[in-house]
Amino acid sequence: GTLCLVRHPRLPRFGWVTVVGGAALGMAALTRPTLNYIVPFLIAIVLPALPKEERWKWVAKISAGFAIMIAPWVIRNWIVLGGGVPTLTISTLVHGHYPNAMYAGDPRTQGVPYRFDPQITEMSASVSAALLGIWSRFLGDPAEYAIWYLVGKPLMYFSWGDVASWG
């Protein structure tokens with residue numbers, strides 16, 4: 001999939017490969033929804049490396065491939081759930097914002113910090129409430145949250161261990 005996404009842009013006969021790469025990314029996002037958010041970052045990283053005349057073609061191709069895979073699921077959810085409350089998004093935002101997966105640095109809360117957070121109900125009311133609560137905490141300790149989001153969380157996310165599992 002990655003090879004398809006960053007194929008050499010001067011090989012026009014392989015233009016379909018970028019669409020296939022976007023579709024592969026879309027299929028991966030169906031099993032790991034956090035990948036939905038990788039497309040803008042991927043575009044931001046790859047776009048400057050492409051020749052100017054190829055940039056928007058590449059964006060259109062990767063987006064089309066991604067949308068072909070994701071759109072049926074999004075449409076299905078919209079029809080079945082009526083749009084619904086984005087509970088998974090809210091949970092992902094709120095549960096993932098605790099530095100080192102602990103509430104207030106307490107090791108006893110590791111893996112389940114939200115269970116100890118007295119503001120969990122308010123923060124879980126909506127996406128905007130979650131973002132506002134996270135922003136408020138970020139402003140309270142910007143260094144800790146910057147380190148968490150830029151270093152700690154990616155390392156934890158891609159590590160072999162799972163803080164919520166036994167041992």
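**Salt bridges and onward**

There are two salt bridges here, counting a side-chain nitrogen of Lys or Arg within 4 Å of a carboxyl oxygen of Asp or Glu. Before going on, some bookkeeping: this is a predicted model, where local features need pLDDT of at least 70 and side-chain atom pairs count only at pLDDT 80 or more, while totals for chains, interfaces and linings use all residues. Residues are numbered from 1 along each chain as its sequence is written, and side-chain values use heavy atoms, with hydrogens and water left out.

Side chains of opposite charge can pair when their charged atoms come close. Start with D117 and R137, whose side chains meet in a salt bridge at 2.7 Å, N to O. This pair links distant parts of the chain: D117 is in the loop between α5 (87-95) and α6 (120-123), R137 is in helix α7 (residues 127-140), and they are 20 residues apart. Is D117 buried or exposed? It is buried, because its relative accessible area is 3%, and buried means under 20%, exposed over 50% and partly exposed in between, with a 1.4 Å probe and protein chains only. R137 counts as buried too, at 15%.

The other bridge joins D106 to R108, with the closest N and O atoms 2.8 Å apart. Here R108 counts as exposed, since its relative accessibility is 71%.

Now zoom out. The protein has eight helices and zero strands, where helices (H or I, at least four residues) and strands (E, at least two) are DSSP runs numbered from the N terminus. Along the sequence that reads α-α-α-α-α-α-α-α. Of the 167 residues, 30% count as buried.

Where does α4 bend? The bend is at I70, by about 40 degrees, and a proline, P72, follows within four residues. That angle is taken between axes fitted to the seven residues ending there and the seven starting there. I70 is also among the buried residues of α4, together with W58, V59, I62, G65 and F66. An α-helix has 3.6 residues a turn, so residues three or four places apart point the same way. Just after α4, G82 takes a positive phi of about 65 degrees.

L42 lies in helix α3 (residues 38-46) and is buried, as its relative accessible area is 18%.

Next, back to the loop between α5 and α6, which holds N100. Phi of N100 is near 60 degrees, a positive value in a residue other than glycine. Most residues other than glycine have a negative phi. A104 lies in that loop as well, with a positive phi near 55 degrees. N100 is partly exposed at 40% relative accessible area, whereas A104 is exposed at 71%. A101 is in the loop too, but it is buried, with 10%. A101 and M156 are 55 residues apart in sequence, yet 9.0 Å apart in space, C-alpha to C-alpha.

How many aromatic pairs are there? The count comes to three, with rings of Phe, Tyr and Trp (its six-membered ring) pairing if their centres lie within 6.5 Å; planes under 30 degrees apart count as stacked, over 60 as edge-to-face and the rest as tilted. Y98 and Y103 form an edge-to-face pair, 6.4 Å centre to centre with 70 degrees between the planes. Y98 is buried at 2%, while Y103 counts as partly exposed at 24%. Elsewhere, ring pairs link W135, F138 and Y145 into a cluster.

Finish on the surface. I147, Y149, L150, V151 and L155 form a nonpolar patch there, with about 520 Å² of accessible area together. Such a patch takes residues with over 30% relative accessible area and no salt bridge, joining nonpolar side chains (Val, Leu, Ile, Met, Phe, Trp, Tyr) within 5 Å and like charges within 9 Å. The areas come from the Shrake-Rupley method with a 1.4 Å probe, and for residues only the protein chains shown count as cover. I147 lies in helix α8 (residues 142-157) and is exposed, with a relative accessible area of 55%.
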